[in-house]
Amino acid sequence: LDLVFSCSMSYEALTTHVTNVLRSHKLLAHVVDWYCDSKSGSVTQGFIRGFILYYVPVTLLRRKLKLAILQRSVAVGGFSATVRAINIFLSEEKHEERLSTLLNKFGYSKESVSELRPAISGCVGIVLATLLDHSLVNSVFVLWCLMRGLPFILPRIPYGPTLAMCLAATQIGTTWVKRPLELDQSYRKFLISQGGKRASVLEMFGNEDIPVRMLCAINHPGQSCSGHAVRYCLQSFLRAVKLYAPLQLAFFIMSQNRSVKKSLIGLLKSSLFMVFYCASAWVILCINFKKPFVSDRSTISTKALYMRLWISGLGVLIENPSRRSELAQYCCTYAADSLYKHGLVRGMYTPNRAIGIAVLAFSWFLLMWNHRSQPKVLSKWLLEFKAKEIKEPEIHRDAEIQQI
C-alpha cells in the first residue's frame with residue numbers, strides 16, 4: 001500500500017505519457033479512448049488498479065506466484081470495478097432523485113445522496129468480491145472490517161481507544177496463555193516472537209492452573225524478579241526496534257516533510273509501547289501475583305489472568321493520539337476473533353457464510369458512507385469517487401501514510 005501510495009502521482013504522469021504514445025497508433029487509439037473517456041473505461045481502470053494494488057505488493061513480499069494470490073487480486077479488482085459501476089449508475093439524475101426521496105423519508109437531507117451512493121456501491125462490491133474469492137469470508141477479515149466501521153456509529157467516550165485496548169489486551173493475553181489454539185495463528189506467532197518466552201513456559205501456564213508460589217520458578221528460573229525485569233525489558237526493546245525500524249524508515253522515505261527527529265521519536269514511542277505491552281504480561285505478573293494481592297493458596301487461573309492482563313492495554317497511552325485508535329481497532333479484531341473461536345469450540349454456534357457476508361456488507365456500508373474519512377488511495381485512486389465529494393483531509397499526509 002505504501003508503495004502504491006507513494007507512486008500514485010508518478011503513476012498518473014506515466015499513464016499520460018503511455019496514453020499519448022498509444023494514441024499515435026490508429027488501431028490502439030480507439031481502445032485507449034474507450035479506456036480513458038467512457039464509463040466502461042472507468043470500470044475497467046478500477047479493475048486493473050484493484051488487481052495491481054493487491055497482486056504486486058503481496059507477490060513481492062511472498063516472492064511466490066500463487067493461484068490464491070491471483071484469485072484474491074481478481075476479487076479486489078472486481079470489488080473496485082463494481083463500486084465504480086454502481087456509483088456511476090446511481091449518479092444518473094433519475095436515480096439520484098429516487099435516492100433523495102428515500103432519504104427524505106428517513107429525515108436525511110438531499111446532500112446525503114453523496115454518502116448513500118458510495119455506501120450502496122460498497123455493499124454490492126464486497127458481496128461480489130466474496131463470490132469471486134470465498135476465502136474472504138473468514139472471521140479475521142470480517143471482524144477487521146467491522147472494527148473499522150463501528151467507530152462511525154458508536155458514541156465517543158473519553159479515552160475510548162484506551163478502554164478498548166485494555167479489554168482487547170486482557171482477552172488476547174489470557175487466550176494466548178490458556179487457550180492458544182483459539183488465537184489466530186499468524187497473530188500467535190507474532191506474540192511468541194515479541195514475547196520472548198519459550199514454548200515450554202507457555203505450555204506450563206496453559207496446561208493447568210499452577211500455584212502462585214511456582215510463578216517465578218517457571219517464569220524466570222534462576223533469576224530474581226528485579227533482574228528478570230531489567231533483562232526482559234531490554235531484550236523486548238531490542239526486538240521492538242527490529243520490528244518497527246524498517247516501518248519507520250519507509251515512512252521517513254515517503255514523507256513530504258522528512259524529519260529525523262520525528263522519525264526517531266516515533267520509533268522510540270512504538271518500541272516502548274511494545275515493551276510495555278509484553279512486559280505487563282511477564283514482568284508485572286510477578287508483582288500482581290504476590291501478597292497482598294493474592295494468598296499462597298491462589299492459582300494462576302483464567303479468571304486471575306483476566307483480572308490482571310488489562311494493564312497491557314495502558315501502553316497505548318505512550319503512542320500519539322492518532323495512533324491509539326488504529327492500535328485499538330487492530331487488537332480488538334484479534335480479541336473478537338478469539339471470542340468467536342471460543343464459541344465455536346464450545347459448540348455455541350457454527351460458521352455461517354451468509355452472516356459473514358451480511359456483516360461485511362454492513363461494515364463496508366459504514367466505511368463507504370464515511371468515504372471522506374478514508375485514505376485517498378482507497379476513496380480517490382482506487383474507487384474514484386468524484387473530487388468534489390472528497391474534502392481535504394484534516395490530517396497531514398504523513399499521518400495518512402501511517403494510517404494506511
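Predicted model: local features only at pLDDT ≥ 70, side-chain atom pairs only at ≥ 80, totals over all residues.

**Helix α8 with helix α10**

- The axes of helix α8 (residues 160-178) and helix α10 (residues 199-207) come within 7 Å and cross at roughly 95°, which makes α8 roughly perpendicular to α10.
- On the α8 side the contact is formed by Trp 176, Val 177 and Lys 178, and on the α10 side by Leu 202, Phe 205 and Gly 206.
- Sorted by class, the residues of this contact between α8 and α10 are four nonpolar, one polar and one charged.

**Helix α9 with helix α13**

- For helix α9 (residues 185-195) and helix α13 (residues 260-282), the axes come within 10 Å and cross at roughly 85°, and the two helices are therefore roughly perpendicular to each other.
- Tyr 187, Phe 190, Leu 191, Gln 194 and Gly 195 of α9 meet Met 274, Tyr 277, Cys 278 and Trp 282 of α13.
- The residues of the contact of α9 with α13 comprise seven nonpolar and two polar, with no charged residue.

**Cysteines**

- A search of the whole structure finds zero disulfides.
- The cysteine sulfur closest to that of Cys 225 belongs to Cys 216 and lies 3.5 Å away, which is too far for a bond, since a disulfide requires the sulfur atoms to be within 2.5 Å.
- Cys 225 is partly exposed, with a relative accessible area of 25%.
- Cys 278 is likewise in no disulfide, and the nearest cysteine sulfur, that of Cys 233, is 9.8 Å away.
- Cys 278, which takes part in the contact of α9 with α13, counts as buried at 8% relative accessibility.

How values were computed:
Residues numbered from 1 in each chain as written. Heavy atoms only, no water. Axes fitted to C-alpha atoms, helices over the stretch in contact; angles between N-to-C directions. Helix = DSSP H or I, 4+ residues; strand = E, 2+ residues; numbered from the N terminus. Parallel < 35°, antiparallel > 145°, perpendicular 65-115°, else oblique. Contact = heavy atoms within 4.5 Å. Nonpolar A, V, L, I, M, F, W, Y, C, P; charged D, E, K, R; others polar. Buried < 20%, exposed > 50% of the residue type's maximum accessible area, 1.4 Å probe, protein only.
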